[in-house]
Amino acid sequence: MNTDILIEFAINVLSMGSLYALIAMGLCFVFGICRLINFAHGEFITVSAYTLYYLGTFTNIPWPFVFLLVVIVGLVVGYLSELIAYRPFRGRSLDALLVTSFAISIILQRLFQLGISPRSRAVPVPAYFNMNVTLFGVITPLRNLLLVGTTVILLVVVMLIMKYTPLGIAMRGASEDFVTARLMGVPANLVISVAFIISGLLAGVVAVFWSARTGSVEPLMGATPLLIGFISIVIGGMHSLPGSVVGGYVYALIANLLSLTLPSTLLSFRDAIMFVIVISFLILKPEGLLRGSYQEERVG
Amino acid sequence: MKRKGLTILAAMLVVLMAFTAFGCRRKSDDPKGGNGDKIIIGGAMSMTGIQAPLDSPAMEGIEVAIAELNEKGGIDGKLLEFRNMDSKSDSATASEVAKQLVDQGAVAIITSSDYDFGGPAARAAQEAGIVGISSNASSPLFGSTMLGDLQFTLSMWNTTMGAVIAEKAYVEDGLHSAYVITDDFIDYTKSLSRYFVECFTKLGGKVLREDIFSQGKVDTAALIAHYKALPEKPDFIYISSYMPDLGTIIKEMRTAGIDSPVYGGDAYDDPALFELLGPEFGNDIIWDSHTFSSKEAVPKFEEYNAAYKKMFNREVDAPWSMSGYDVMMVLAEAIKAVGTDGAKMAKYMEDHTFELLTGTLDWSDAASGHEPNKAAAVIKLVKGKPEFIKWAIPDYLPAP
């Protein structure tokens, strides 16, 4: 294998992995604290992507502010969904929450389909996103580097918050044992709201880079990132934030490796092979690659 | 806490129901008269789900046709009503809503624009003894062989769509080697690629490699790597897919500096694709489709566009709306001539040639599958704007 292909492969894995890591982390924040797979997370991304479409197409707001607004919309949607749809059901069983998250997902999808259009819309991004740069002799769009850079910054910021701020410590405590953390005086509403807010914020960032890659936004676009995020946290470890990040990169590595090496007749089975790997993970290493501190309450 | 939760759940249910109701309510105006005074055309088309992008423009075309027909007094003094129930891009729902529409007195069913999603509604129509027709299903499975002797599609089959573009590439443009990318999500994309490859290789063309992916899960990095690893640079790339992945593939390939011409089928006919590619990447992209939004291609385009604009307050943006209009006009012509009996309508449709917005159409008889004999419009994207090249009928048609 020549070096060009290898470098290109590394760039692809790093950039796709960064995107997947951000998605997985968004899911994992909510899962860590509420034990809830938020099926509406994909729609958080879609809402932000539509914001990008509207602001980018119909206004002259400078791009940095557009991105900021997109992220803010993601954050607000995350917070509002917690406030309106999850908080009232929190005392109930997890099943109720799960159903609620499906309901939000479906309501939002229908809103987009009937209120905006079932057809996809082209999303504008600044020209420098698609500008090519040469890195170690390999041509790649600049947005891949921007994505990796943004992800690194976000990971560092999140790590610092989680490690050193009282809020981060409270969240880590809550994700380990929510009942005890509450008994210790950790405010439940605050911690959960913040988890959703961060999750929404990450969804906003993902929306920018996801739609910059696909070039369009459509009502059902959230399904693919949701699935990728879910698989990533299964691989990485459902209870561990670093695990979800690792899971995202591992997913990108396996997916890229498979697409590069599978013969074309088997290429359409790539996802099937991915699922076989995930199922093997669930059987052989149910806690994922990185073991979170929380171990009981396993299903099955 | 408990009550609050219930209240909110109830509120969410109401919102959901409101949307569902909104989904079912989109039918033409019904000024007066009960069931006896109007002719109901059922629609089992998708307003939601993955099929909605194709069906919603077709439904708009149907609405334009209905308004035009009713303005002229309907058929034999009876007004027409188009009653659509959302088939939600789900085959079981499609069958279910078609049965409901039959119960409500529909005299024909217009199905979703795809064999996988629309076929079940056509089967329900066949069972009820009425005509079922799709505006844009182009799979050769959509016809009387698979669905029954009262079932039709207005679209050219993929046999024509694949053959026309193979001849355009090989004979007219002199391109002899291709890299083929096939989306295996639905029968449309799979069979289109198959017929294209069959015609292209029959002409003497060489397929250097065929890659397969599934809509929603495209891995452009892999496709680009495969393209670059080909033993020789292909003369062009044939992609059988649809939006949004279609746009992603072309954009990413162009961004990576791949400038080979791209050829494809009617799914390219999407304003979102043109906008996404823009003047920079929107060049050397050629496809064939049902029709084209210009006077040059469609003599009556301006009248249609005016009527469409009056109703929807914007210009025609997808050719599929014209197919929707045509479907309604064909049904209306058949009903006017022979009444609402399913078998008589089907016979009339088999026996006559129709002059439509989407060209001249002549169906073969039920024994040979109701094959739609129709020309394809060949279109080229220049600086992000579609340009009409010609109407084409292929010299060789592969067997369905």
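Okay, let's start with one residue: B:Ser89 counts as buried, because it has 24 C-beta neighbours inside 10 Å. Buried here means 20 or more other C-beta atoms within 10 Å of the residue's own, exposed means 12 or fewer, partly exposed is in between, and the C-beta atoms are placed from the backbone. This is a predicted model, where local features need pLDDT of at least 70 and side-chain atom pairs count only at pLDDT 80 or more, while totals for chains, interfaces and linings use all residues. Residues are numbered from 1 along each chain as its sequence is written, and chains are lettered from A and ligands numbered from 1 in the order in which they are written.

Back to B:Ser89. You'll find it in the loop between strand 2 and helix 3 (91-103) of chain B. Helices (H or I, at least four residues) and strands (E, at least two) are DSSP runs, numbered from the N terminus. B:Ser89 isn't a glycine, yet its phi is positive, about 55°. Most residues other than glycine have a negative phi, and most peptide bonds are trans.

Where else does that turn up? B:Asp284, in the loop between helix 10 and strand 10 (285-289) of chain B, also has a positive phi, near 55°. B:Asp284 counts as partly exposed, because it has 16 C-beta neighbours inside 10 Å. And there's a cis peptide bond from B:Met243 to B:Pro244, with omega near 5°. B:Pro244 sits in the loop between strand 8 (236-240) and helix 9 of chain B.

Now, helix 9 (residues 245-255) of chain B packs on helix 10 (residues 271-281) of chain B at about 10°, axes 9 Å apart. Axes are lines fitted to C-alpha atoms, for helices over the stretch in contact, and angles run from 0 to 180 degrees between N-to-C directions. So helix 9 of chain B is roughly parallel to helix 10 of chain B; the cut-offs are under 35 degrees for roughly parallel, over 145 for roughly antiparallel, 65 to 115 for roughly perpendicular, and oblique for the rest. Residues making the contact include B:Ile250 and B:Leu276. By contact I mean C-beta atoms, placed from the backbone, within 7 Å.

On to the sheet in chain B. It's open, with five strands in the order 2-1-3-4-5 and parallel pairing. Pairing takes at least two bridges found by DSSP. Which strands stand at the edges? Strand 2 (79-84) and strand 5 (151-153) of chain B do, each with a single partner, so one side of each has no neighbour in the sheet. Strand 1 (residues 38-44) of chain B pairs with strand 2 of chain B over six bridges, and B:Ile39 stands opposite B:Leu80. Helix 2 (residues 52-71) of chain B lies across strand 1, strand 2 and strand 3 (108-111) of chain B, at about 165° to strand 2 of chain B.

Last stop, chain A, with 12 helices and four strands. Of its 300 residues, 49% count as buried. And how many residues of chain A touch chain B? That's 39, in contact with 40 residues of chain B. Helix 4 of chain A gives the largest share of chain A's side, five residues.

Methods:
Two residues are in contact if their C-beta atoms, placed from the backbone, lie within 7 Å.
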